[in-house]
Amino acid sequence: MCQQRGYLLLGAIAVSIYPLAFYASMHLAGVTIGTVVSIGSAPLLSALIEYCLEGLGLTRRWLAGATLGIVGIALLCATEAGHHADAGSSMAVVPGVLLGGVAGLTYALYSWTARRLMQRNVLPSAAMGATFGLGGLALIVVWCFSGMHIIATWQNASVGLYMMLVPMFIGYLCYGYGLARIPASSATTITLLEPVVAALLAVVVVGERLPALGWLGVALIIACLVCIVWPKTR
């Protein structure tokens with residue numbers, strides 16, 4: 001019981017840090033680079049967590065995938081850094097990338113703690129609900145000091161309500177439901193759609209421009225994740 005509480009507390013702390021780092025990364029470095037670094041680094045960091053805390057070895061396949069991911073992130077960051085330099089805001093890219101790494105680490109950490117709780121016969125809804133519930137309490141404190149402007153107008157409030165219900169509540173509830181019923185490799189592979197869709201929306205809706213090297217970086221990151229999570233053939 002004490003160990004389960006430790007997993008729950010660690011997961012709640014990670015949940016409270018993740019959205020702050022994730023959205024700050026997108027604000028500083030742009031939607032594309034913030035999303036790709038945050039989501040793309042999570043599987044790599046998750047494998048390192050399992051290696052350090054569970055003693056699982058790092059295979060040659062993982063090392064090959066990690067190399068692809070590092071090269072892809074480097075290309076994407078270099079492309080975006082050049083774009084921001086032209087706009088006179090290149091200094092924002094580096095902290096944005098670092099915050100994306102923090103978001104990826106906390107994403108991997110709360111996924112790992114939730115999985116450990118499920119392995120100890122805790123229901124997926126209970127594991128995800130308790131983790132996000134405690135993390136949400138910490139975020140309420142942050143909101144009281146810095147987020148009151150979100151209810152200043154009906155438009156801000158509607159956007160905030162949408163973010164809470166659709167991407168956060170429904171999205172992560174479905175993620176926890178699926179994680180308990182399909183292999184982790186399949187669940188992680190499906191989440192690869194997130195950075196791809198984010199990059200497309202950033203170009204089509206937000207109006208960001210991603211050069212060829214940037215798209216190559218996105219492709220290498222996706223190839224990295226596929227290489228790591230794709231099921232091995234017999």
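Student: Quick overview first: how many helices and strands does the protein chain have?

Tutor: The protein chain has nine helices and zero strands. From the N terminus on, the elements simply run α-α-α-α-α-α-α-α-α. Keep in mind that this is a predicted model.

Student: And what share of the 234 residues is buried?

Tutor: Buried residues make up 38% of the 234.

Student: What about contacts between residues 24 or more positions apart?

Tutor: Take the contacts in the protein chain with a separation of 6 or more: 79% of them come from residues 24 or more positions apart.

Student: OK, then at what angle do the axes of α2 and α9 cross?

Tutor: Helix α2 covers residues 31-54 and helix α9 covers residues 212-229; their axes cross at roughly 25° and come within 10 Å. Angles under 35 degrees count as roughly parallel, so α2 is roughly parallel to α9.

Student: Left-handed or right-handed, that crossing of α2 and α9?

Tutor: Left-handed.

Student: Which residues make the contact?

Tutor: On the α2 side you have V36, G40, P43 and L44, and α9 brings V218, I221, C224, L225 and I228. By class, that contact of α2 with α9 has eight nonpolar residues, one polar and no charged ones.

Student: Now α2 against α4. What's the geometry?

Tutor: Helix α4, residues 93-119, packs on α2 at an angle of about 45°, and the axes are 7 Å apart. That angle makes α2 oblique to α4. The crossing of α2 and α4 is right-handed.

Student: How do the residues of the contact of α2 with α4 divide by class?

Tutor: Into 15 nonpolar, six polar and four charged.

Student: Staying on α4, what distance should its 27 residues span, and what do the end C-alpha atoms give?

Tutor: At 1.5 Å a residue, α4 should span 39 Å, and its end C-alpha atoms are 39 Å apart, so the two agree.

Student: What does T106 touch?

Tutor: Leaving aside residues up to four places away in sequence, T106 touches A14, I17 and Y18.

Student: What comes after α4?

Tutor: N121 follows α4, and N121 sits in the loop between α4 and α5, the latter being 124-146. Phi of N121 is near 65°, a positive value in a residue other than glycine.

Student: Buried or exposed, that N121?

Tutor: Exposed: N121 has 75% relative accessibility, so it clears the over-50% cut-off.

Student: How do α4 and α5 pack?

Tutor: Their axes are 9 Å apart and the angle is about 140°. Over 145 would count as roughly antiparallel, so α4 and α5 come out as oblique to each other. α4 passes α5 in a right-handed crossing.

Student: Which residues of α4 and α5 meet there?

Tutor: From α4 it's Y110, A114, L117 and M118, and from α5 it's P124, A127, M128, T131 and F132. That contact of α4 with α5 has eight nonpolar, one polar and no charged residues.

Student: And which residues of α5 are buried?

Tutor: P124, A127, M128, T131 and G135.

Student: Changing topic: how far apart are L9 and A130?

Tutor: In sequence 121 residues, and in space 9.4 Å, C-alpha to C-alpha. L9 has its place in helix α1, residues 2-29, and at 52% relative accessibility L9 counts as exposed.

Student: Last one: where is R181 found?

Tutor: In the loop between α6 (154-179) and α7 (184-190). R181 counts as exposed, at 52% relative accessibility.

Methods:
Residues numbered from 1 in each chain as written. Predicted model: local features only at pLDDT ≥ 70, side-chain atom pairs only at ≥ 80, totals over all residues. Heavy atoms only, no water. Axes fitted to C-alpha atoms, helices over the stretch in contact; angles between N-to-C directions. Helix = DSSP H or I, 4+ residues; strand = E, 2+ residues; numbered from the N terminus. Parallel < 35°, antiparallel > 145°, perpendicular 65-115°, else oblique. Left-handed = near helix turned anticlockwise from the far one by under 90°. Contact = heavy atoms within 4.5 Å. Nonpolar A, V, L, I, M, F, W, Y, C, P; charged D, E, K, R; others polar. Expected span 1.5 Å × (residues − 1). Buried < 20%, exposed > 50% of the residue type's maximum accessible area, 1.4 Å probe, protein only.
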